[in-house]
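Subject: Structure for you to look at

Dear colleague,

I am passing on the structure we spoke about, and below it you will find my notes on what turned up. Please read them with the structure open beside you.

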Amino acid sequence: MVLSGFAPVVLPTTLCLAAAGAVINCWLMIRIGQVRMARKIELGDGGDAFLLARMRAQANFIETAPLTLILFALVELTGKGSWWLGPVGAIFMLGRVAHAIGMDGKFKAGRAIGTVTALLAQLGLATFAVLASVNLI
């Protein structure tokens, strides 16, 4: 949208991260669907621990990604995110993939890696946002 007299706002880092997030979410949905079809579970988790773990992996993604993407966008809008915003975003998204794989039990460290990367990304971005809002950065 372009308002009269205003240039369009483009947030390339946030756009790329949102696109990556959409792809990861689709991957998580497909993984759940595969288990549902193989085990013939139409609704809920059917008492299946593996399906529940896959469902929780997607739910955890949905719980963490939106607010983190909002923080990425707001930091990018300050114009002060510079070179580090993209790598932090990539680490966050890779951490979300590691978390999902870790929830399967195949790579147990993945769950911890995903949790720590999400926590650090959110706290780091939130700290930056507060400091930027009071002009300390």
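Leaving out neighbours within four places in sequence, Leu-69 is in contact (heavy atoms within 4.5 Å) with Thr-14, Leu-17, Ala-18 and Met-93. Leu-69 belongs to helix α2, where helices (H or I, at least four residues) and strands (E, at least two) are DSSP runs numbered from the N terminus. From Leu-69 to Ile-113 there are 44 residues in sequence and 19 Å in space, C-alpha to C-alpha.

Before going further, please note that this is a predicted model, in which local features need pLDDT of at least 70 and side-chain atom pairs count only at pLDDT 80 or more, while totals for chains, interfaces and linings use all residues. Residues are numbered from 1 along each chain as its sequence is written, and side-chain values use heavy atoms, with hydrogens and water left out.

The largest nonpolar core has 21 residues, of which Phe-61, Val-75, Trp-84, Leu-85, Phe-92, Met-93 and Leu-125 touch the most other members; such a core is a set of buried Ala, Val, Leu, Ile, Met, Phe, Trp, Tyr and Cys residues joined through side-chain atoms within 4.5 Å. Here buried means under 20% relative accessible area, exposed means over 50%, and partly exposed lies in between (1.4 Å probe, protein chains only). Helices α1, α2, α3 and α4 are the elements that give two or more residues to this core, and α2 supplies the largest share, seven residues.

Just after α3, Gly-105 takes a positive phi of about 90 degrees.

A search of the whole structure finds four salt bridges, each a side-chain nitrogen of Lys or Arg within 4 Å of a carboxyl oxygen of Asp or Glu. In one of them Asp-104 meets Arg-54 at 3.0 Å, N to O, and this pair links distant parts of the chain, with Asp-104 in the loop between α3 and α4 and Arg-54 in helix α2, 50 residues apart. Asp-104 and Arg-54 are both buried, and together with Arg-31 they are linked in a network of salt bridges. The charged end of Arg-31 also sits over the ring of Trp-27, 4.6 Å from its centre, the criterion being CZ of Arg or NZ of Lys within 6 Å of the ring centre and within 35 degrees of the ring normal. Arg-39 forms a salt bridge with Asp-48, the closest N and O atoms being 2.8 Å apart; Arg-39 is partly exposed at 43% relative accessible area, whereas Asp-48 is buried at 16%.

Finally, two residues other than glycine have a positive phi: Lys-40, near 55 degrees, is found in the loop between α1 and α2 and is exposed at 72% relative accessibility. Asn-135, at about 60 degrees, lies in the segment after α4 and is exposed at 63%.

With best wishes
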